[in-house]
Amino acid sequence: MRAFLSSMVTPRALALSALALSFFFMMTLGGPFYYLAAFVITSVFSLLDMVGGQDNSDNDGKPWYYANIQAYQIPFAMLWFGLIYAWYLGTGMSDLFGVGGFLKTHTGFDMFAIRARTTAPELITGGYCLATIWAGFGTTIGHELTHRTWSKVAIITGRWMLALTSDASFSIEHVYGHHLTLGTPADPATARRGESVYHFIPRSTFGQIISAWHIETGRLARKGQSIWSLHNRMFTGWAMTLAYAGVFYMAAGWKGVIIFFAISWFGKCYLEAINYIEHYGIVRVAGTQVEPRHSWNCNQRVSSWLLFNLPRHSHHHAMGDKPYWELNCYPDAPMMPHGYLTMIYIALIPPLFRKIMHPRVLDWDRRYAVPAEYPLIVEANRRSNTADFINNVAPAE
Amino acid sequence: MFSKIFGSATKPATVTILPADISFIVEPKKTVLLSALDQNIKYPHYCRVGSCGTCKSKLISGQVRELTDKSYTLSNEDIQAGYILACQSVPKTDLVLEVPKLRVE
């Protein structure tokens, strides 16, 4: 029992619980609290990330049951935040699923009064919060769970989480595509040298959907099942997203549907921005082993805590079967200069991103690349349209 | 009882690899690939999650429980010829597998 408690009460667990609780209140109270939530997401996270230092502990010893409780709490929170936001989008006395009436009767908390006072800028800010929360927590857990291909519960929960950002097919492409083709031109989700995040987001998004379609229809053909059936996980994934849109329709009609897709697609862009920084400029010979050096690793404490160790990307790609609490820090892997929560914003300013990352990519060429990769580097540099790379002769030396 | 519900063995299984004629023990609920790697056997592999097909092995005898849908990865001919993915297969009985690329050093 004592071991159980001491595993529950760690700084990491307490910080996450406090955060979960505060977001629960901010997103439920709505109105002006959306401003506070947006401030925390946009500023406080990045600030803490900068001062939080590194966490270079390996395998922080969390027992699987506890770490899984954490992971499986997230989906409930994601659905609750979406539901409450949809509720506030409604008008007058409309009461989606009777939530408002239930809370008023049993707790005295009057959502109707809050809705009557809520302004359009508050709702827009709330939509921003919801999008970033869905992208930052929902899809991170969706990603974690859809890697557990051996567990039906994990796959289904994970796909519902990824459907929040309109792309449950990420579960197919990521596991059966990206993890194999990483760093090669065949991978839509590896950012090319010289490519800006704004070019990457649409290319990666549509490239992954097309790739997922090919993988899924190939599987159906081998199983002798029709593409036009419910066996097709492309369709079931889109249906999940439509189900969420349906809830927003019930809450606020077509206006609700439009707002849902605006939030969902914004969240998808946020997710792709994370994809962008994870492998920027890295090359790999197709068919060779994916090694820790093929990802930009990051051990920034706050990023790792908030994103369920996703920043420990080197280990994740080298061993895709490891659950997040078993990921090690790999201090010798190519390292991102800041935490994920900072790098996302840097990526949004392409000149700044280039200034920070290009020297690191060139350093990667010298220190991490193997000779078989040199021709790929020369080719990637040539295609980059960027002086930083074109004028670089490191691989030839 | 549990083995009936989950379809996996409750005692260790012996896996024999041909043509190298190597045998190793797989503990209950563990996959063929991870057990081999734990025992320093250089089983051909790459992704560990059933997506690349590098560890595909021909099942000569015995039964396995498969953790994932191998039709994402293996071709029709492979599946009909009885290939399995070592990284996604938990032995239900003792196994004999054919893995030409696995050699004794």
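How many aromatic pairs does the rule count over all chains?

Analyst: The model is predicted, so local features need pLDDT of at least 70 and side-chain atom pairs count only at pLDDT 80 or more, while totals for chains, interfaces and linings use all residues. Residues are numbered from 1 along each chain as its sequence is written, chains are lettered from A and ligands numbered from 1 in the order in which they are written, and side-chain values use heavy atoms, with hydrogens and water left out.

Over all chains the count comes to 24 aromatic pairs, where rings of Phe, Tyr and Trp (its six-membered ring) pair if their centres lie within 6.5 Å, planes under 30 degrees apart being stacked, over 60 edge-to-face and the rest tilted. One of them joins A:Tyr34 and A:Tyr85, whose ring centres are 6.0 Å apart and whose planes meet at 65°, so this pair is edge-to-face. The two residues are 51 residues apart and link distant parts of the chain, with A:Tyr34 in helix H3 (residues 33-51) of chain A and A:Tyr85 in helix H4 (residues 64-89) of chain A; helices here are DSSP runs (H or I, at least four residues), numbered from the N terminus. A:Tyr34 is buried, at a relative accessible area of 1%, and A:Tyr85 is buried as well, at 2%, where buried means under 20% relative accessible area (1.4 Å probe, protein chains only).

A:Phe260 and A:Phe261 also make an edge-to-face pair, with 5.1 Å from centre to centre and 70° between the planes. A:Phe260 is buried at 0% relative accessibility, and A:Phe261 is buried at 18%. Both belong to one aromatic cluster, together with A:Trp134, A:Trp160, A:Tyr244, A:Phe248 and A:Trp265.

Definitions and conventions. Buried means under 20% relative accessible area, exposed over 50%, partly exposed in between (1.4 Å probe, protein chains only).
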